[in-house]
Amino acid sequence: MSLQNDQNRIEELWHRYKQAGDLQAREQLLEEYIPLVKYVAGRLAMNLPSSVDVGDLESFGFFGLLDALEKYDAARNTKFETYATTRIRGAIIDGLRSLDWVPRSTRSKARLVESQIYELTNDLGRTPTNEEVAAALGLGLEEYYGILSELKGANLFSLDEAAASDQTADNLKILDLVVDQALLPDQQVVEQESVEELAAAIEELPEREQLVLALYYHEDLTLKEIGHVLQVSESRVSQIHTKAIMTLRKRLS
C-alpha cells in the first residue's frame with residue numbers, strides 16, 4: 001500500500017469515527033497508533049530503574065491514547081501523533097505518580113541537590129559546574145555522579161509539572177511547551193509567558209546541557225545515541241540530563 005493510500009485510509013477512519021461515531025473505525029485507529037504508545041513508553045523507560053516494567057508503562061499509556069482519540073480535533077491542524085504523544089506521556093507519568101515508586105530517601109536527595117544547585121546559581125550568577133556542586137555537598141566528583149544516576153528516575157516528572165493553575169481546564173504542562181501542539185485561546189497567554197520563562201532558563205544552562213536537552217526532546221535521540229554524538233558514555237549523558245532537569249525544575253518551581 002502506497003503512503004498516499006495509507007494516509008487516505010487513516011483519514012477515512014477518522015471521518016467515520018468523528019462524524020459517524022463508527023466504533024469499528026475507532027478500534028482500527030487504536031490499532032494504528034498502538035506503536036506510538038510503545039515508542040513513548042520505551043523512551044520513558046530509559047530514564048527509569050530496571051525494576052519498572054515496560055508493560056506497565058504501556059498499559060498506562062494506552063489510556064492516554066484513548067483520551068487523545070476522544071479529544072482530538074483535526075480542525076486545529078495539529079498532527080494526531082504530536083497531540084497523542086503528550087497525552088500518552090502524561091498518562092504514563094500519572095500512572096507512575098499514583099504508584100509512588102520513587103523511594104522517600106531518593107526524593108530527599110533530589111531536593112537536597114536541587115536546593116544546592118539553586119543556591120550556587122544565585123551566588124555565582126551562573127549555573128554551577130559539577131565540581132562546584134559536588135564540593136558544596138561535601139562529595140567527591142564520582143560520588144556526586146553516582147547520586148545523579150540514582151536520581152534520574154526521580155526527575156522524570158520535571159517537565160510535566162503544571163505550568164498553569166489548577167483552575168485552568170486541562171492544565172498546560174511544561175512538556176507541552178516543547179512540542180508542536182495547538183493551544184486553546186485561553187491557554188495562549190499562559191503558553192507564551194511559560195515558553196519565554198522556560199527558554200530563558202534553558203539559555204542559562206551550560207552549552208552541553210542545552211545540547212543534551214535539544215537532542216533528547218527535539219531530535220528524539222536516545223541517551224545512547226546522544227552519547228555517540230558527544231563521545232561520552234550513556235550513563236554520563238544521563239547524568240548531564242538529570243542535572244539540567246533539576247536546575248530547570250528549581251528555577252521554574
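Analyst: Glu70 is partly exposed, with a relative accessible area of 44%; buried means under 20% relative accessible area, exposed over 50%, and partly exposed in between (1.4 Å probe, protein chains only). The model is predicted, so local features need pLDDT of at least 70 and side-chain atom pairs count only at pLDDT 80 or more, while totals for chains, interfaces and linings use all residues. Residues are numbered from 1 along each chain as its sequence is written, and side-chain values use heavy atoms, leaving out hydrogens and water.

Glu70 forms a salt bridge with Arg26 (3.3 Å, N to O). This pair links distant parts of the chain, since Glu70 belongs to helix α3 (residues 54-71) and Arg26 to helix α2 (residues 23-45), 44 residues apart. Helices here are DSSP runs of H or I with at least four residues, numbered from the N terminus. Arg26 counts as buried, at 18% relative accessibility.

A salt bridge requires a side-chain nitrogen of Lys or Arg within 4 Å of a carboxyl oxygen of Asp or Glu. The whole structure contains 10 of them. Another joins Glu132 to Arg126 (2.8 Å, N to O). Glu132 is partly exposed at 25%, and Arg126 is partly exposed at 39%.

Glu209 and Lys243 also meet through their side chains in a salt bridge (2.8 Å, N to O). Because Glu209 lies in helix α9 (residues 207-218) and Lys243 in helix α11 (residues 234-252), the pair ties together parts 34 residues apart in sequence. Both Glu209 and Lys243 are buried. Finally, salt bridges with shared partners connect Asp6, Arg9 and Glu32 in one network.

How values were computed:
Helices (H or I, at least four residues) and strands (E, at least two) are DSSP runs, numbered from the N terminus.
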